[in-house]
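Please prepare a briefing on the model shown below, with the points grouped by topic.

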Protein chains: 2
Amino acid sequence: MNLPLSSLMDLLDEPVPGVGTYEDFNTIDWVREKSKDRDRHREITSKSKESTWALVKSVSDAFSGWLLMLLIGLMSGALAGGIDISAHWMTDLKEGVCLNGFWFNHEHCCWTSNETTFQERDKCPQWKSWAELIIGTTEGPFAYIMNYLMYVCWALLFSFLAVSLVRAFAPYACGSGIPEIKTILSGFIIRGYLGKWTLLIKTVTLVLAVSSGLSLGKEGPLVHVACCCANILCHLFTKYRKNEAKRREVLSAAAAVGVSVAFGAPIGGVLFSLEEVSYYFPLKTLWRSFFAALVAAFTLRSINPFGNSRLVLFYVEFHTPWHLLELIPFILLGIFGGLWGAFFIRANIAWCRRRKTTWLGRYPVLEVLVVTAVTAVVAFPNSYTRTSTSELISELFNDCGLLDSSKLCNYDNANVTKSSNELPDRPAGADVYTAMWQLSLALVFKMLITVVTFGMKVPSGLFIPSLAVGAIAGRLLGIGMEQLAYYHHDWVIFRGWCSPGADCITPGLYAMVGAAACLGGVTRMTVSLVVIMFELTGGLEYIVPLMAAAMTSKWVADAIGRESIYEAHIRLNGYPFLEAKEEFSHKTLAMDVMRPRRSDPPLSVLTQDGMTVGDVESLITDTTYSGFPVVVSHESQRLVGFVLRRDLIISIDNARQRQDGIVSASRIFFTEYTPPQPPSSPPPLKLRGIMDLSPFTVTDLTAMDIVVDIFRKLGLRQCLITHNGRLLGIITKKDILKHVAQIANRDPDSILFN
Amino acid sequence: MNLPLSSLMDLLDEPVPGVGTYEDFNTIDWVREKSKDRDRHREITSKSKESTWALVKSVSDAFSGWLLMLLIGLMSGALAGGIDISAHWMTDLKEGVCLNGFWFNHEHCCWTSNETTFQERDKCPQWKSWAELIIGTTEGPFAYIMNYLMYVCWALLFSFLAVSLVRAFAPYACGSGIPEIKTILSGFIIRGYLGKWTLLIKTVTLVLAVSSGLSLGKEGPLVHVACCCANILCHLFTKYRKNEAKRREVLSAAAAVGVSVAFGAPIGGVLFSLEEVSYYFPLKTLWRSFFAALVAAFTLRSINPFGNSRLVLFYVEFHTPWHLLELIPFILLGIFGGLWGAFFIRANIAWCRRRKTTWLGRYPVLEVLVVTAVTAVVAFPNSYTRTSTSELISELFNDCGLLDSSKLCNYDNANVTKSSNELPDRPAGADVYTAMWQLSLALVFKMLITVVTFGMKVPSGLFIPSLAVGAIAGRLLGIGMEQLAYYHHDWVIFRGWCSPGADCITPGLYAMVGAAACLGGVTRMTVSLVVIMFELTGGLEYIVPLMAAAMTSKWVADAIGRESIYEAHIRLNGYPFLEAKEEFSHKTLAMDVMRPRRSDPPLSVLTQDGMTVGDVESLITDTTYSGFPVVVSHESQRLVGFVLRRDLIISIDNARQRQDGIVSASRIFFTEYTPPQPPSSPPPLKLRGIMDLSPFTVTDLTAMDIVVDIFRKLGLRQCLITHNGRLLGIITKKDILKHVAQIANRDPDSILFN
């Protein structure tokens, strides 16, 4: 039966379900997505003039972005608060339990107690260590061994639960998630990576992993958690549910939210998202991210998980300005940070590659248990590794006051007048030297164990361990400098600014600078790093030391290897990520990169009116290309448009099922007008609707650096190559990534996905 | 004489001077400039392996960017310090002179005096008002008139000098400069706008204009000054001197430096540059701008122009947290700011258009003198307008302490215990009510006079007047709220958080929020505005009120008119600026915008081998197009490349002068190989070298929103339109701007430049 032309047109005008969507592990076409969104927006705007209801809808559409941001901020802030509180409680559970109620953590338990003195806030009768509870005493070697055992057992239990939950329910919940989020934001599709199961399991296992005492942090995973929240909340709004590009704008904002709740640094979070994670970050998103980051930070603050009404994780207040000469040790810390960053990336990638290729990868649960056991066994005897890493960092950043009971603050206070607010440099007491030994051991241990920990099948962030390594190194150098200045204040370098009785060196500041340097070396963050650290201290005064260290660290690390840890992991996993920071500096032309190569068979093309359904179907089965150019004729090779394989398959299948008379001999037309068919022939299939009428083209003599620039800036999937107006070949994102890998002497087949 | 082919090739291989440069008032081609820089970089990198000297050169090339940033930071910081000090001194000179030395300003004069009490720091015998100096008394109406007269005379003298210097030496030195810098950064060329004369005159006249008491600030002009510094310093480095794109990266950083020194807010400055000014802002530039902004801020701080060792212009310290209910007045301030911003932009643009079109524009000196006279005459009797605007803002932001002698702090302190640090809300004294009257008058006056001041032929910034208007409105509302809460603390809205004796409302915070709202309404800044205000207070606590006000203000102002004051001025002057923030939302296709239109004569093209020198020369004289596509033949219309008019003229002139035998009958070849010529014919001219082999093309069915996106993101000058592989037409940036103007029902001929 031949349908009349008008009804045929109607049939084809309504979109076939599935056309315009993407398969898993494929790259989206940013231009098409943004164009779709503009069409949608245009439609709403033009309708809004017709009726009041449409106007209300148009206004609510305009504000839905803000509402979504508000919801993301609230949800992420609440989750982060929950994670903080649970992790704190479970970390303390490894050491003991509160008799007033097992749900109190150590600090909270002793707050509620009346018998606590100010001096020893963390000792109260209600808090029982495990030895005390089981064998009734805290003294003697037996009690120590008891506590030791319980500590290791709890750690093993937590990490076993974490790895089992991840393996059983949500394999995507492991790791930091930042490399994958970077890839997703650049336009890749990984279904389920930001789903509700991942969110649930990642939240629970993150608490378990942090509490188990492994050398990992919660900052990277919090970014993943915030992105999951955003992705789930996007489903409430059609605007974001249906458009991959718009959803990625929201995810960019969510990345900012993640860092904002991790550090209580909303501005730093936005800059982190802009600098490190995002691919397409329009100014509108900047403003919205800032809003979401603020909402999240204030939600977290009203939950008040640290019990100090502070927004920030480590609140620091220094009293002494720094001297210009101190830039030398700060730059030394920068060099240390850069070296450590480069070493860590190499060692970690080598270890992860070994995990991927050898038997190690087959026993992830065992691996986690062994690492946890080693960590717990080594960590317990040293008080600086026994506590949680964030407490350690907090103590290292701290500027010693007179009342501080920490070992690091055991100075000889003989010559100090109690009244003065400013403490001069003093000789270190015995405890400080003990602490320095313990810190040195902790430094070596942290450096080694972090290499094997990052990348295991549990949620694991890298910020806190990196900060810890740097803070330890910085504090050690700081104490060294301080004592040097105290005992040798007559040396030329100290003369004039560090006379006896003056407070000239703050070891806490050195710890902070060292922490920034190490984090910078690993992640290669720049502005965002300095701003996050600035938001921790709140004083512009200390930006210059931080900046000096961060700059040195980045230069040193870049001189050894250009990639940050996230980029290295992206490459390790073969994700199709086109790095925006790296300049493409080789002098190749588009014709050297395009397919087909000179020896290959010619490019598979469709003609606009010369092929039948059968021809096209056999072309589809014979090739694996994800799209085909449409030309006027094989002879002229003049380009008309581009059709995606997926759309072609769906449309032909749909036509065969729903449209009468479509058989293999039906001719396919991509032209605007179908010429009248002879009455004996089957009805034609019009597919102009699925053809991209504006495919991107460049000439064969275009320099590849320009082509790469176009791909990055416009977010293309493919680009067609012409010579004097004739179609010659095609370049896809994968071709570019393979070419880049080849130039860098890497295996071009390491790029796995389209 | 026929040259042998090889020497002919040599002759053509060396670049003809002038090819690849731009004329004044033209748009650069970002793709070509960036490609040129990559070529240069590649050359240096490949040479660096050959010798040690080349390696040193390569390293110094890599670090030259950082060195340049350091120099810009130092120079801009020093200039800003000089401007601050001079303006401060000259502002005080209007009121009196120091007997210890005329070069001391009022504050400095009384510092050096021993007879100053703490209570009245600004009264000392060494500082003589003009009346005291001339007629020997400060009492009585005659002395008042004397001072009044001197005040007006000095103001007139300063403004006369400013406008005369600008007119005589550097007409580009007038205005704020931000609209022009935005246009330059987007790729436009205005020779001399950032030259040394402009720098010198702008620096001097800025001091004069600020000191004259006109309602203008130094913030915008400081951005211009920093950009001039950057442009001049660029000449020291070949890398930046010769490349328009690279130089614009440096200028983006300089814009950040300008705001950094204006407000002592380095992070805010970088975000301002990113959000408001820059067009192409790669991440590398972000980091470098931050470095330059820090260097400048610390240079300024070591000059210490405010005498308080503070980095910031208005240092504020509030003691009371805000209550959630206070968001209502904050949002009211946001609405006020938005309304004022929208009103100001309309009124100012209408006034500037009148200046452009009527007799007003012919007497700029007279205009400045009249406005100065009116300003001075009205300002003197009101103590809030007599002082400099930044002092006024500082006083309005201030949280009243017990010792403050300001009229705004004249509260009834009967019930206050002197010891407590926190001051409860108190009933206002009589002086506060006087101050409120004066402030109301000042508000109306500032609002009106700023409209006519901005855009006169003197350097004038808009930040400070906008902040002042908002701060006055905010302070008035704040005092109102405070008194309301004091006298009616039993009202439902105050109950629970504002009991008697509590310090619940801080009028200074209201002033700050109002200032942010007004600045936001005028400039439509978002993140950068909040961050700048945050850097002024240094506490995350007050970000939420600022954000609420800034958001409301932007929404209200955007609902009335989409353009910021800078964009409005860009449009008024007809600069070719393609707005990156505004979405292009019309459903036109490339074929609707391209030239030639249907009724026009066909596109002027060159053929790759069929034209003579004479043909091309007559085409050049007959048309005014800035470039011509090159096609295979007129029949096929298959595109080969694109040649710029300027390059074509230079090359032909050069060949006629330097190459023997080139006459009008010589054939021009754009092909790779020249076919052998018959011996009788003149030698051919090979011009493939000046042809762009990779011109951008899109199909005629491409939606205009995609085309606009490509233009913005890649920074194109023109794009060729094809249909099924045949060349059809061309779209230039000017065509797009004209099209946008047409859609918005504006005169498309208002776009003046190419």
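**Disulfide handedness and overview**

The link between Cys98(B) and Cys109(B) is right-handed, with 80° about the S-S bond; a disulfide here is a pair of cysteine sulfur atoms within 2.5 Å. Cys98(B) sits in strand β1 (residues 96-98) of chain B and Cys109(B) in helix α4 (residues 106-112) of chain B, so the pair ties together parts that are 11 residues apart in sequence. Helices (H or I, at least four residues) and strands (E, at least two) are DSSP runs, numbered from the N terminus.

This is a predicted model, in which local features need pLDDT of at least 70 and side-chain atom pairs count only at pLDDT 80 or more, whereas totals for chains, interfaces and linings use all residues. Residues are numbered from 1 along each chain as its sequence is written, chains are lettered from A and ligands numbered from 1 in the order in which they are written, and side-chain values use heavy atoms, with hydrogens and water left out.

- A search of the whole structure finds two disulfides over all chains.
- In chain B, the disulfide joins Cys98(B) to Cys109(B), with an S to S distance of 2.0 Å.
- Cys98(B) counts as buried at 4% relative accessibility, and Cys109(B) is buried with a relative accessible area of 0%. Buried means under 20% relative accessible area, exposed over 50%, and partly exposed in between (1.4 Å probe, protein chains only).
- Cys228(A), by contrast, is in no disulfide, and the nearest cysteine sulfur, that of Cys229(A), is 7.0 Å away. Cys228(A) is buried, with a relative accessible area of 1%.
- In chain A, a disulfide joins Cys98(A) to Cys109(A), with an S to S distance of 2.0 Å.
- The torsion about the S-S bond of Cys98(A) and Cys109(A) is about 80°, so this disulfide is right-handed.
- The pair links distant parts of the chain, 11 residues apart: Cys98(A) belongs to strand β1 (residues 96-98) of chain A and Cys109(A) to helix α4 (residues 106-112) of chain A. Both Cys98(A) and Cys109(A) are buried.
- The sulfur of Cys518(A) lies 19 Å from the closest cysteine sulfur, in Cys352(A), which is too far for a bond. Cys518(A) is buried, with a relative accessible area of 0%.

**Relation of the two chains**

- Chain A is superposed on chain B by a rotation of 180° with 0.0 Å of shift along its axis (RMSD 0.0 Å). The two copies are thus related as by a two-fold rotation axis. Copies are superposed by least squares on the C-alpha atoms of residues with pLDDT of at least 70 in both.
- Gly725(A) comes closest to the rotation axis of the residues of chain A, at 2.5 Å (C-alpha).
- The copies meet through the same surface, because 100% of the interface residues of chain A are also interface residues in chain B.

**Chain A as a whole**

- Chain A has 28 helices and 11 strands.
- The C-alpha trace of chain A spans about 110 × 60 × 60 Å along its principal axes.
- Of the 754 residues of chain A, 59% count as buried.
- Among contacts (heavy atoms within 4.5 Å) in chain A between residues at least 6 apart in sequence, 73% join residues at least 24 apart.

**Annotated domain in chain A**

- UniProt, in an unreviewed entry, places the feature "domain: CBS" at residues 594-658 and 691-748 of chain A. UniProt positions are given in the numbering used here, feature names are shortened, and annotations may be inferred rather than shown by experiment.
- Residues 594-658 of chain A are 37% helix and 23% strand, with the end C-alpha atoms 38 Å apart.
- Residues 691-748 of chain A are 38% helix and 28% strand, with the end C-alpha atoms 31 Å apart.

**Helix α11 of chain B**

- Helix α11 (residues 244-263) of chain B has 20 residues and reaches 29 Å from its first C-alpha to its last, close to the 28 Å expected at 1.5 Å a residue. The expected span is 1.5 Å times one less than the number of residues.
- Because 20 of the 20 residues of α11(B) are buried, the helix is largely enclosed by the rest of the structure.
- Asn243(B) caps the N-terminal end of α11(B), with a side-chain oxygen 2.9 Å from the backbone nitrogen of Ala245(B).

Conventions. A polar contact is a pair of N or O atoms within 3.5 Å; within protein, one must be able to donate a hydrogen and the other to accept it, and residues adjacent in sequence count only if both atoms are side-chain atoms.
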